[in-house]
Amino acid sequence: MAQDRDIKYVNRDFGDFRNQLIEYAKNYFPDSYNDFSPTSPGMMFIEMAAYVGDVLSFYQDTQLQETYIQHAKNPANLYNLAYMMGYRPRITTPSEVDIEVSQLVGASSNEPNWNQALKIPANTRLKASSTGQTNFFIEKPIDFTFSSSYDTTDITVEVIASGNPSQFRLTKMAKAISGEVKTSTQVITSVEKFKTITIDDTNIIGVLSVQEGTSGPIWYEVPFLGQDTVFIDTTNTDPDKQVVPYSLTLQRVPRRFVTRFTSTGQLQIQFGAGITGQDDSVLTPDPTNVGLGSSQGVRRLDYAFDPSNFLSTKSYGLAPSNTTLTIKYLVGGGVTSNTSGNTINTLIEYGGTVTNATGSTAPGELSTVVFNNPLAAAGGRDGDTVDELRENSLRAFNEQGRAVTLQDYTVRALSMASKYGSIAKVHATQDQLTNPNSATDSIVDSNPLSLSMFILAYDNNRNLTSATSTLKSNLKTYLSEYMILTDALNIKDAFIVNIEIDFDIIVRPNFSGRDVLLACTNRLKDYFDITKWTINQPINLSSIYTLLDQEKGVQTVQDIRVVNKVGGAYSQYAYDIVGATRSSIVYPSYDPCIFEVKFPDTDIKGRITTL
């Protein structure tokens, strides 16, 4: 009968393995071998076995360690784990800067001649005149004919002739990033499933476009190949086009690709597996392929099925074949791209054809366009370090593209690009009064457990206003990509309550009453700046008393009054300020509303009194 052996499983290194093997031999083979001197042949085999055990233990520990992003050290593993957790590693980070773009136009009836206002296409390239001559790239188009609270066209008189303006300067601010546009041409012959193209370059920021030839079909970048829809811009032709320049639509795109960086800095572009012409239609579940009609028989009736097997295609997009792909990508960034102010003023080339409001462009109009950066470009840095890669990946795990909590809905709505409408304020709450017959613009109307999202927009003067129908439609389209299937969301207008602030103060001796009053007024203007206020935020009168008391020269704040302003240029909604005030706090209404000082220059009034 075999003897039971006492085997230890806690050995982890060469010394532990060696000592345990020696003890094992002494205990179970005392008569067979007893020469444990360092030069004996038996010790050679014992130490060789300990060596193998140490190596196997090391690789076992290393493999386990490389599966956790907190402990992984291999760059390739770190990048794979980062992508798995939803984080896109940065090879380089470009600097950003606000570019002041201006154009001269003539006058028409003492107003700017808007027919001369230019529309500069996207992808305009600039160059800095400082050391290094860093290239910059304006990704979005510049339209001098359009003005909104987020994209203002400033107008100044440039030349006056015979007492009347004869020339105006139009100025807009555009965001530019450091980078140089490069092009790679890839010839694709036979079809290959999940075709992967590697761009071997340095400091790659990302892909700008992928197109077949120079005028063929466009391929769209998606987060993962299973996503077959992308957001597409269409020019808004509705009456609110001056407020919302673009409409947002979802479009299915069979030509799509994904990108990812390798740990060596290369950029990989991967396409789908579908072949043009093969049947790739969506399979609709019915009794012939689910349940009783399945090939597995009646026992499959109560089995769970993966809905993605029926609701998505197997191709994950088309695979390119017999074509030439023109890939434009951006390189640059880094610490050296942080350029000083007033240096980015040299035009390399426009991103396309520049036209004016009439569809044509005169050479004289183009010659008046000036670019400049009043402030320095900042934010440029090198790629992620190992520690940054770990921490950013852990953070990205919670930053998933879904809308579950009320905060998710709020942040997601505010993340929509301003070209689809300037959403100023958002308040999401549980909808307790859902009406199936409501005329509100909603994604789903008849769910009694739906959420309500109250929104407001900015007008051209940065005052609050109700959202237009196009803006609501864009928001509905945008949010529908992130909502859970069973969620329902009603998009409504929040109420605007316009107010006036009156205050009485007593000024200390030897202080100029006018200067103190002006300083107090400026404090209140900053306090009631509408960008700092949210829907359903109450007015704390005690905080205002404290704020004014802190102003140098104020002896006592005698009184502060909040007055509702209704009608005319103000909101149509009246509000009982006195009835809503409890313990020096003006509470908002049950229906979500926001307090706004619409005209701070005239609606904040101060007065100096005496005891």
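Modeller: Start with a cut-off: a residue is called buried when its relative accessible area is under 20%. This is a predicted model, so the values are computed from it.

Colleague: OK. Is Cys-593 buried or exposed, then?

Modeller: Cys-593 counts as buried because its relative accessibility is 1%. Cys-520 is buried too, at 0%.

Colleague: And how many disulfides?

Modeller: The count is zero.

Colleague: Switching to rings. How many aromatic pairs are there?

Modeller: The whole structure has 16. One of them is tilted: Tyr-24 and Phe-29, with 6.3 Å from centre to centre and 55° between the planes.

Colleague: Why is the pair of Tyr-527 and Trp-533 called edge-to-face?

Modeller: Their planes are at 80°, so the pair is edge-to-face, with the ring centres 5.9 Å apart. Trp-533 is buried at 2% relative accessibility, whereas Tyr-527 is partly exposed at 24%.

Colleague: Which residue has its charged end over the ring of Tyr-458?

Modeller: Arg-462, at 4.7 Å from the ring centre. Lys-26 lies over the face of Phe-36, 5.3 Å from the centre of that ring.

Colleague: Last topic. How much space is in the second largest pocket?

Modeller: About 1100 Å³. Its lining has 37 residues, and among those nearest the centre are Asp-143, Phe-146 and Lys-419.

Colleague: Which element gives the most to that lining?

Modeller: β9, with six residues. By type, the lining of the second largest pocket has 16 nonpolar, ten polar and eleven charged residues.

Notes. Residues numbered from 1 in each chain as written. Predicted model: local features only at pLDDT ≥ 70, side-chain atom pairs only at ≥ 80, totals over all residues. Heavy atoms only, no water. 1 Å grid on protein atoms, 1.4 Å probe; cavity = no way out; pocket = protein on both sides within 12 Å on 5 of 7 lines; lining within 4 Å. Points joined across faces, edges and corners; volume = space filled by probe spheres on them. Helix = DSSP H or I, 4+ residues; strand = E, 2+ residues; numbered from the N terminus. Nonpolar A, V, L, I, M, F, W, Y, C, P; charged D, E, K, R; others polar. Disulfide = S-S within 2.5 Å. Buried < 20%, exposed > 50% of the residue type's maximum accessible area, 1.4 Å probe, protein only. Phe/Tyr/Trp six-rings, centres within 6.5 Å; stacked < 30°, edge-to-face > 60°. Lys NZ or Arg CZ within 6 Å of the ring centre and 35° of its normal.
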